Amino acid sequence: MNFDLSDDQVALRDGIRALLQGKYPMARVREGFDRSVFEDLAGAGVFSLRDDGFGWTDAAVVYEELGRALVPGPLVWSFGRAVPTAGCCCPAPGAVLVEHLDAIDDLLVLRRDGVWRIGAADLVGAGQDWPLDPLTPVWRVDGLPDGEPVGETDAAGGLWYSGGVLTAAYLVGMADACTTLAVDYAKERRQFERAIGSFQAVKHLCADMAVRAEVARAAVHTAACVLDDPGVGDRERTVSGAKLLANEAAIANGRAATQVFGGMGFTWEVDVHLYLKRAWVLDTVFGSVEHLADAVAGTLPPPAARALASPDRENRG
Amino acid sequence: MDLRYSDEDEAFRAELRAWLAAELAVLAPQPVRDDWDARRRWDTDWQRRLFDAGYAGLSWPKEYGGQDASPSRQLVFLEETTRARAPYVGVNFVGLLHAGPTIVAEGTDEQKAAHLPKILRGEEVWCQGFSEPEAGSDLASLRTRAVRDGDHYVVTGQKIWCSFGQVGDFGELLVRTDPDAPKHQGITWLILPMDLGGIEVRPLKTVLGSSEFVELFLDEVRVPVECRVGEENDGWRVTNVTLSFERGTAFVSELVDATRLVEDLAPYVSDPAQRRELGHVAAELDAVWALTKRNVTQASRGVSGRGAFMIKLAYSEARQKLGELSLRALGRDALVVDGVGEFVEERLRTLALTIAAGTSQIQRNILGERVLGLPKESSR
């Protein structure tokens with residue numbers, strides 16, 4: 001057992017981090033996703049990691065860095081694909097919101113029993129003026145065409161779990177980035193003649209942020225190990241738990257960072273809101289916190305007929 | 001990165017599993033909670049069996065009866081013994097997990113030879129003497145005085161929260177040897193033979209009604225100078241050897257146990273909102289367990305990861321949520337402590353988890369200052 005980054009993974013992480021720092025400073029990130037982002041990342045090998053012999057743990061390391069840099073776009077759906085691709089999970093009949101419609105070639109529709117591909121050219125959507133996340137533009141599409149089947153139940157499961165792990169890894173990177181933003185600001189911002197990070201009320205917010213990111217990262221790496229080696233754990237349990245904690249870590253750390261930044265945290269200029277908004281967006285794909293908690297509970301023993309006969313069971317509130 | 005144990009570790013696991021099955025089949029029932037003589041016999045007898053089978057002191061040096069085993073081997077041992085519901089360390093807690101490791105790291109050859117093999121064989125029981133009524137979170141402000149008189153320290157003061165003081169043969173004792181030095185620099189770590197004159201032991205009753213803690217009243221107790229571990233006035237550093245252990249892998253057994261408890265509780269949880277909460281807690285405990293594995297991997301490479309500062313904080317809060325949920329799931333059945341499995345007792349016991357061995361608030365200070373580099377509060 002070696003449950004830490006290997007030397008190769010450390011090099012992979014440092015390499016992609018340096019690349020993203022150079023190409024995707026916040027000024028570029030704020031310009032949003034377009035085909036050049038897809039081409040850049042495809043050129044760096046991000047979407048073809050599996051084809052090039054890397055494991056899911058390696059992919060998780062890379063996606064954590066994409067999240068740390070908040071590189072915009074449907075990067076998870078584009079994994080393993082040759083063209084920019086967005087997707088949606090189990091869309092209900094009727095109108096759906098499709099992300100990045102102006103910059104994709106394909107839309108994948110993931111349902112329990114299969115995966116379908118729809119060409120973006122076959123979709124007619126109305127662009128929405130005010131998306132929750134300014135870097136995740138959405139189009140309202142009135143009913144999806146059937147599309148072309150590209151996989152059955154096994155493929156759907158594979159996409160659901162691998163998409164969950166990559167999204168969770170991305171969210172962990174975001175949660176970690178928010179910790180760094182808040183900690184750096186708490187060291188520098190002075191009130192009452194001292195750095196605000198010296199106050200326990202602020203210090204404890206920061207400590208909790210660090211714990212959430214670290215705990216979620218360990219869970220995500222466990223889930224990635226299980227995808228690489230199914231013998232070491234249960235896919236449903238570990239992937240659901242990992243994405244649950246990653247969703248929560250990114251959302252809670254986005255909120256906590258907003259709080260540490262005070263009034264500045266409520267400005268468009270400070271980057272924190274972009275992280276928080278993305279975290280909310282990513283809670284809606286590959287399982288929300290509630291859905292995933294139910295999924296983990298589903299791996300536990302079911303409720304049993306009560307062994308205890310208690311005279312006032314029926315009086316329980 | 002992988003989670004697969006080596007073939008050697010798996011072989012060790014299989015052997016241990018078979019040994020546990022045989023031993024546990026003939027194990028006498030656990031004695032009642034406050035019969036301390038019986039508890040001492042039961043816990044030390046189990047320790048002796050572990051020793052005879054080669055399972056004692058896995059992390060300790062071979063020359064003192066240990067096994068020098070790898071951290072992953074220790075993890076397998078704790079996983080298997082906890083899953084099999086084998087006895088945990090019991091009254092051997094302080095010797096095996098606190099005082100022993102401190103003596104391994106800081107003791108003289110004589111101290112090692114005198115104590116380590118006996119601790120491993122279950123022949124010597126230790127208790128703790130760190131906290132004082134006026135020195136809790138601010139442990140370094142402790143005031144129990146030790147005045148040098150020839151070959152002895154004359155010790156006077158009061159200790160509280162002394163784990164297993166009812167049955168201890170020796171205590172790990174922190175005393176102030178230089179009252180004029182800054183508070184961290186005037187402390188010394190002593191081995192306290194509990195049969196010395198001038199020691200009074202008074203049981204302390206916990207919220208569970210149990211008595212594993214005592215108060216110690218020390219009145220001019222003459223402790224031989226050769227009982228000192230480390231240098232005079234260097235006791236704070238020596239103590240941190242022990243405290244850093246508490247923050248590291250000390251929760252492996254607790255975590256495995258908590259995961260088992262989730263499984264045991266699940267059949268009682270039928271309300272959908274409570275099932276959801278249970279799933280949530282299970283995910284948190286799984287993740288802290290994963291972080292523990294990370295920490296163990298890093299420790300085996302000689303790296304002290306930041307996870308060591310986080311495991312206790314995350315674990316204690318997750319387990320308290322589990323305890324809280326178990327009470328709500330049981331409803332009025334929870335009005336009887338020993339009525340429904342161990343769940344109600346569990347809720348009471350886990351109240352201590354965010355207090356003992358550094359409160360969660362102190363853990364956050366340490367994490368904020370030592371790991372994140374935030375400035376100290378100006379008054380400290």
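How many residues of chain B are in contact with how many residues of chain A? In this predicted model, 49 residues of chain B are in contact with 49 residues of chain A.

## The side of chain B that touches chain A

On chain B, the helices α7, α8, α9 and α11 (360-371) each supply at least two residues of the side that touches chain A. The most comes from α8(B), which gives 17 residues to this side. By class, the side of chain B that touches chain A comprises 23 nonpolar, eleven polar and 15 charged residues.

## Helix α7 of chain B

Helix α7 of chain B, one of the contributors to the side that touches chain A, runs over residues 252-265 and has 14 residues. From its first C-alpha to its last, α7(B) reaches 20 Å, close to the 20 Å expected at 1.5 Å a residue.

The buried residues of α7(B) are B:Val252, B:Glu254, B:Leu255, B:Val256, B:Ala258, B:Leu261, B:Val262 and B:Leu265. An α-helix has 3.6 residues a turn, so residues three or four places apart point the same way. The partners against which the buried residues of α7(B) pack are α3 (71-83), α8 (272-300), α9 (311-330) and α10 (343-349) of chain B.

## Domains of the two chains

Chain B is divided into domain 1 (7-88), domain 2 (126-233) and domain 3 (247-371). Between domain 1 of chain B and domain 3 of chain B, the C-alpha centres lie 23 Å apart. Their contact takes nine residues from domain 1 of chain B and eight residues from domain 3 of chain B. The side of domain 1 of chain B that touches domain 3 of chain B has, by class, four nonpolar, three polar and two charged residues.

For chain A, the division is into domain 1 (7-69), domain 2 (85-153) and domain 3 (161-298). The C-alpha centres of domain 1 of chain A and domain 2 of chain A lie 24 Å apart.

## Strand β3 of chain A and its partners

Strand β3 of chain A covers residues 106-111, and five of its six residues are buried, so the strand is largely enclosed by the rest of the structure. Strand β1 (residues 85-89) of chain A pairs with β3(A) in the parallel sense over five bridges. Within this pairing, A:Thr85 has A:Asp106 of β3(A) as its bridge partner.

With strand β4 (residues 114-119) of chain A, β3(A) pairs in the antiparallel sense over six bridges. A hairpin joins β3(A) to β4(A) through two residues. A:Asp106, the bridge partner of A:Thr85, also has a bridge partner in β4(A), namely A:Gly119.

## The open sheet of chain A

Three strands of chain A form an open sheet in the order β2-β6-β5, with antiparallel pairing. Its edge strands are β2 (95-99) and β5 (125-127) of chain A, each of which pairs on one side only. On average, neighbouring strands of this sheet are turned by 30 degrees against each other, direction ignored.

The pairing of β2(A) with strand β6 (residues 138-142) of chain A is antiparallel and extends over five bridges. In β6(A), A:Arg140 is the bridge partner of A:Leu97. In a regular strand the side chains alternate between the two faces of the sheet.

Notes: Residues numbered from 1 in each chain as written. Chains lettered and ligands numbered in written order. Predicted model: local features only at pLDDT ≥ 70, side-chain atom pairs only at ≥ 80, totals over all residues. Pairing = 2+ DSSP bridges. Helix = DSSP H or I, 4+ residues; strand = E, 2+ residues; numbered from the N terminus. Axes fitted to C-alpha atoms, helices over the stretch in contact; angles between N-to-C directions. Expected span 1.5 Å × (residues − 1). Buried ≥ 20, exposed ≤ 12 C-beta atoms within 10 Å, placed from the backbone. Contact = placed C-beta atoms within 7 Å. Domains from an automatic or database assignment. Nonpolar A, V, L, I, M, F, W, Y, C, P; charged D, E, K, R; others polar.
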